[in-house]
Amino acid sequence: MRCPFCKHEDTKVTDSRATDDGRAIRRRRECQACARRFTTYEMVEEVPLYVIKKDGSRQLFDRNKILNGLLRACNKRRITRQQLDDIVLKVERNIRNTLAQEVPSVKIGEMVLSELKTIDAVAYIRFASVYRQFADLDSFMSELKHLMGNEKSE
């Protein structure tokens, strides 16, 4: 690492610690030439992830969109913010673990639904009604019966 003060190339690390919930490493360094200290941060460079929408357009992945959808679906339900954050984190981690640079929005929605199903049936139906855009009462009832059938078998 080059010293920002004297531009000498030989520095040594005097202290390292994890920051930002383990997503970065903070290093205190000392220049071997001028003896001045400075701080650097090391973090994983994430490749931009694109979402392919139903209309074929592409947008940058935004975890806040998932969280906002979950917040609306879970309004007035006994679901903690931590549970919602965990769902978003798990979905994002699953997407990034596929190493694909593009993911269909349909796949993201299905991941969210599978996570919601284990937490709260009402929130699941609320999210599904917006995500799947039920055209009529019959399609809504079909999803509801499917959910009720799965709960009875478990």
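Me: Before we start, what should I know about the model and its numbering?
Reply: This is a predicted model in which local features need pLDDT of at least 70, side-chain atom pairs count only at pLDDT 80 or more, and totals for chains, interfaces and linings use all residues. Residues are numbered from 1 along each chain as its sequence is written, and side-chain values use heavy atoms, leaving out hydrogens and water.

Me: At what angle do helix H2 and helix H3 pack?
Reply: Helices (H or I, at least four residues) and strands (E, at least two) are DSSP runs, numbered from the N terminus. Axes are lines fitted to C-alpha atoms, for helices over the stretch in contact, with angles from 0 to 180 degrees between N-to-C directions. H2 covers residues 81-97 and H3 residues 105-119; their axes are 10 Å apart, and the angle is about 140 degrees.

Me: Which word describes H2 relative to H3 at that angle?
Reply: Angles under 35 degrees count as roughly parallel, over 145 as roughly antiparallel, 65 to 115 as roughly perpendicular, and the rest as oblique. The packing angle here is about 140 degrees. Therefore H2 is, relative to H3, oblique.

Me: How many nonpolar residues does the contact of H2 with H3 have?
Reply: Contact means heavy atoms within 4.5 Å. From H2 come Gln83, Ile87, Lys90, Val91, Asn94 and Ile95, and from H3 come Ile108, Met111, Val112, Glu115, Leu116 and Ile119. Ala, Val, Leu, Ile, Met, Phe, Trp, Tyr, Cys and Pro count as nonpolar, Asp, Glu, Lys and Arg as charged, and the others, Gly among them, as polar. Two residues of this contact are polar and two charged, while the nonpolar ones number eight.

Me: How far apart are the axes of helix H1 and helix H4?
Reply: H1 spans residues 63-73 and H4 residues 121-131. Gly69, Leu70, Arg72 and Ala73 of H1 meet Ala123, Arg126 and Phe127 of H4. The angle between these helices is about 120 degrees, and their axes lie apart by 8 Å.

Me: Is Thr19 buried or exposed, or partly exposed?
Reply: Thr19 lies in strand E1 and touches Ala24, Ile25, Arg26 and Tyr41, not counting residues up to four places away in sequence. Buried means under 20% relative accessible area, exposed over 50%, and partly exposed in between (1.4 Å probe, protein chains only). Because its relative accessibility is 22%, Thr19 counts as partly exposed.
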